[in-house]
Amino acid sequence: MTLTTVLLLAGGLVLLVVGAEALVRGASRLATALGVAPLIIGLTIVAFGTSSPELAVSIQSSLAGQPDIAVGNVVGSNIFNVLFILGVSALIVPLLVAQQLVRLDVPIMIGVSVTLLLMAFNGFIEQWEGWLLFAGILAYTVFQIVQSRKGKENAAVEAEYAEEFGKPEPRTAGRMLLNIGLALAGLALLVLGARWFVDGAIQLARAFGISELVIGLTIVAAGTSLPEVATSIVAAVRGERDIAVGNVVGSNIFNILAVLGLSAIVAPGQGLPVAPGMVALDIPFMVAVAIACLPIFITGNTIARWEGAIFIFYYVAYTAYLILTAGEHALLPQFQSFMLWFVVPLTILTVAVSLY
């Protein structure tokens with residue numbers, strides 16, 4: 001691995017994180033000055049803004065003819081968001097789960113995950129399917145805005161978002177221009193950072209002989225999820241526990257509908273190719289992780305510390321499996337047997353007892 005690869009990865013990652021932060025801050029302050037409700041800011045600008053690195057990297061990869069990184073980035077990020085980010089956040093403090101998430105947003109996350117699996121069975125996310133996914137994020141955003149105006153059922157969530165994003169913002173022309181400039185600068189940094197990061201990831205894969213798919217599922221996915229890591233952990237430490245969970249669920253929905261949708265739309269040819277290994281393992285695992293959220297969230301409307309520990313364990317196990325498979329390691333069969341015959345049944349039993 002050359003110094004150039006390291007610099008591209010590190011520099012691209014820094015630009016992605018700084019760009020996402022600038023975009024979210026500029027856009028949320030602009031929305032506050034224009035009188036947009038804090039809940040709407042949190043559910044749309046913040047949740048979607050923290051996914052902007054995934055959007056930038058996947059579109060750049062799609063245009064560059066690197067579909068494994070484009071798809072692996074989204075699938076890996078969604079797995080990382082639930083298992084690692086919620087796991088770490090729950091270890092810091094048990095997380096509260098709003099009723100709206102259990103009744104609406106988590107079922108939507110499960111639904112769009114299953115939809116992606118069905119679309120990928122033919123080996124492509126075709127361009128018309130990309131348009132369908134993108135139409136889904138527009139409908140979801142409009143629905144969230146309509147729901148937020150009902151008020152009563154979202155009172156607790158509204159209070160947390162009001163505390164975080166409802167700070168007064170001067171409506172002077174100078175301040176408005178400053179916030180617009182901050183958002184545009186963030187967007188520019190995202191585009192440049194994505195280009196560097198994707199180039200570095202491709203060079204890394206070639207240097208170590210690892211497939212671009214594994215790089216996309218691990219390094220790229222974790223790197224582009226850093227804004228979600230920061231947002232959710234800071235929210236958990238501050239006690240804004242609905243924000244910590246809502247940010248992850250909203251970002252996962254955005255990743256599939258908007259990021260993959262737009263990546264398929266701009267992809268050359270008939271659409272965005274999906275590797276057979278992705279259809280056989282990684283996307284079904286992402287669906288399983290999404291489904292696992294429902295019973296865990298329902299148990300007392302909280303994510304307990306022990307449940308957070310289970311999440312982290314499964315992320316480490318999944319990453320270890322990818323590394324062992326990529327290297328065709330001799331321990332792979334024993335690892336598979338251990339997970340299949342001991343860990344998975346034990347987890348199912350534990351969740352079943354908790355639900356009972």
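Which residues does Ile312 touch, not counting residues up to four places away in sequence? The first legend answers this. The model is predicted: local features need pLDDT of at least 70, side-chain atom pairs count only at pLDDT 80 or more, and totals for chains, interfaces and linings use all residues. Residues are numbered from 1 along each chain as its sequence is written, and side-chain values use heavy atoms, with hydrogens and water left out.

**View 1. Ile312 and its contacts.** Ile312 touches Leu83, Phe84, Gly87, Val88 and Leu91, leaving aside residues up to four places away in sequence. Contact means heavy atoms within 4.5 Å. Ile312 sits in helix α13. Helices are DSSP runs (H or I, at least four residues), numbered from the N terminus. Val82 lies 230 residues from Ile312 in sequence, yet their C-alpha atoms are 9.1 Å apart in space.

View 2. The structure holds two cavities of 30 Å³ or more. A cavity is a set of points, on a 1 Å grid over the protein atoms alone, where a 1.4 Å probe fits but cannot get out; lining residues have an atom within 4 Å of a point. Points are joined across faces, edges and corners, and the volume is the space filled by probe spheres set on them. Asn78, Val82, Met109, Ser113, Asn252, Met286, Val289 and Ala290 line the second largest cavity. Helices α4 (67-92), α5 (99-120) and α12 (276-298) each supply at least two lining residues. The largest share, three residues, comes from α12. By class, the lining has five nonpolar, three polar and no charged residues. Nonpolar covers Ala, Val, Leu, Ile, Met, Phe, Trp, Tyr, Cys and Pro; charged covers Asp, Glu, Lys and Arg; the others, Gly among them, are polar.

**View 3. Helix α12 against helix α13.** The axes of α12 and α13 (residues 305-326) come within 13 Å and cross at roughly 175 degrees. Axes are lines fitted to C-alpha atoms, for helices over the stretch in contact, and angles run from 0 to 180 degrees between N-to-C directions. The two helices are therefore roughly antiparallel (angles over 145 degrees). From α12, Leu281, Asp282, Phe285 and Ile296 meet Glu307, Phe311, Tyr314, Tyr318, Tyr321 and Leu322 of α13. This contact has eight nonpolar, no polar and two charged residues.

**View 4. Helix α9 against helix α10.** The axes of α9 (residues 212-224) and α10 (residues 226-238) come within 4 Å and cross at roughly 50 degrees. Ala222, Gly223 and Thr224 in α9 meet Leu226, Pro227 and Glu228 in α10. The contact has three nonpolar, two polar and one charged residues.

Methods
On a 1 Å grid over the protein atoms alone, a cavity is a set of points where a 1.4 Å probe fits but cannot get out, and a pocket is an open set with protein on both sides within 12 Å along at least five of seven lines; lining residues have an atom within 4 Å of a point. Angles under 35 degrees count as roughly parallel, over 145 as roughly antiparallel, 65 to 115 as roughly perpendicular and the rest as oblique.
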